[in-house]
Amino acid sequence: MRSMTGYSKLVYQDENFSLNMQIKSVNNKNLNLKIKLPYNLNFLEGAIRAEIASKVSRGSLDVKIEFNDLRDMGNNIFDYDEAQSKAYMNVLLEMENEFQEKFTNKMDILVRNLNVIKKNDVEIDEEEYSSFILGKVREMLVPFIQTREDEGNRLKNYLAERVEILEEKISEIKKYKNVVVENYKTKLLERLDAIRGDIEFKEEDILKEILLFTDKSDISEEISRLDSHLVQLKKDLDTNDEPVGKKIDFILQEIYRELNTTGVKSNLYEISKLIVESKNELEKIREQAMNIE
């Protein structure tokens, strides 16, 4: 089981390339990827996205990549705009003549302030860049996924403790399952005895009333479904091979629904108290389970 919280960083440099990569993630219902690339790697965004998506299924991920090609790409890396430079220089000369003043260094003004020197677009080897960058992305994902698994193991231990407490609460509820009907039957008969002299009623009507209440207050099905949900929940919490966050979220919703129904049907203080305590434990589980991939 993995958490959706993770972090990894990779720094690399050789005689050809320098690279600084970082990835961090927090929880999200789906996979949300934000990738920041230098302009010369924009063509790789789709491939990087696909590579990460093949290893990660959920979470909000921020990926930042800084990259430089350190090789000498020839003597044509920089160039200047000849026509624009001449035009600027002519303007400077005209200004000197007009104001009868000399600029101390016209070339310095030209180069520093007028942006006439520009870097040429050098043709890059996309296949070479792709092989190098994607290889490093895969390398960075290994410790990143490990941090998510480490946090997932911590979550698993915490959730296992909370589920055990929840099971104990539901076991206590089971003990009161038959008490609900017995209490109702006793109170009903006590009331009937008190008014027996004033009102005539048939014994079969009393039996029908008790049977009707028994049917309405029977929580056997809810308890059975709660047991089944807890078995599945423990199984999913112990899964390491696939993302289970969405499945666990669904199971927790079902458990909450069954607890609600049980509380409404039971009409017994002891059960109502246990339902409140169970919901409290369930909420603790849901808060932490939101971070499971």
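**View 1. Helices α8 and α9 side by side.** Helix axes here are lines fitted to C-alpha atoms over the stretch in contact, and the angle between two N-to-C directions can run from 0 to 180 degrees. Please keep in mind that this is a predicted model. With that in hand, take helix α8 (residues 245-266) and helix α9 (residues 269-289): their axes come within 10 Å and cross at roughly 165°. Angles over 145 degrees count as roughly antiparallel, and α8 and α9 are therefore roughly antiparallel to each other. The crossing of α8 with α9 is left-handed. From α8, the contact draws on Ile248, Leu252, Ile255, Tyr256, Leu259, Asn260, Thr262, Gly263 and Ser266, while α9 brings Ile271, Ile275, Ser278, Lys279, Leu282, Ile285, Arg286 and Ala289.

**View 2. Helix α4 packed against helix α7.** The axes of α4 and α7 come within 11 Å, crossing at roughly 165°. That angle makes α4 roughly antiparallel to α7. The crossing of α4 and α7 is left-handed. On the α4 side you will find Lys156, Leu159, Val163, Leu166, Glu167, Ile170, Ile173 and Lys174, which meet Ile223, Leu226, Asp227, Leu230, Leu233, Lys234 and Leu237 of α7. The contact of α4 with α7 holds ten nonpolar and five charged residues, with no polar ones.

**View 3. Lysine 174 in α4.** Lysine 174 lies in helix α4 and is partly exposed, at 34% relative accessibility. Leaving aside residues up to four places away in sequence, lysine 174 touches Ile223 and Asp227. Isoleucine 271 is 97 residues from lysine 174 in sequence, yet their C-alpha atoms are 8.9 Å apart. Isoleucine 271 is one of the α9 residues in the contact of View 1.

View 4. Glutamate 172 and lysine 175 form a salt bridge, their closest N and O atoms being 3.0 Å apart. Because glutamate 172 and lysine 175 are three residues apart in helix α4, about one helical turn separates them. Glutamate 172 is partly exposed, at 31% relative accessibility, whereas lysine 175 is exposed, with a relative accessible area of 59%.

View 5. Arginine 2 makes a salt bridge to glutamate 149, with 3.7 Å between the closest N and O atoms. This pair spans distant parts of the chain: arginine 2 is in the segment before β1 (6-13), and glutamate 149 is 147 residues away in helix α4 (residues 126-175). Arginine 2 is partly exposed, with a relative accessible area of 24%, and glutamate 149 is partly exposed too, at 28%. A network of salt bridges links Arg2, Arg148, Glu149 and Glu293. For context, the structure holds 26 salt bridges.

How values were computed:
Residues numbered from 1 in each chain as written. Predicted model: local features only at pLDDT ≥ 70, side-chain atom pairs only at ≥ 80, totals over all residues. Heavy atoms only, no water. Salt bridge = Lys/Arg side-chain N within 4 Å of Asp/Glu carboxyl O. Helix = DSSP H or I, 4+ residues; strand = E, 2+ residues; numbered from the N terminus. Buried < 20%, exposed > 50% of the residue type's maximum accessible area, 1.4 Å probe, protein only. Parallel < 35°, antiparallel > 145°, perpendicular 65-115°, else oblique. Left-handed = near helix turned anticlockwise from the far one by under 90°. Contact = heavy atoms within 4.5 Å. Nonpolar A, V, L, I, M, F, W, Y, C, P; charged D, E, K, R; others polar.
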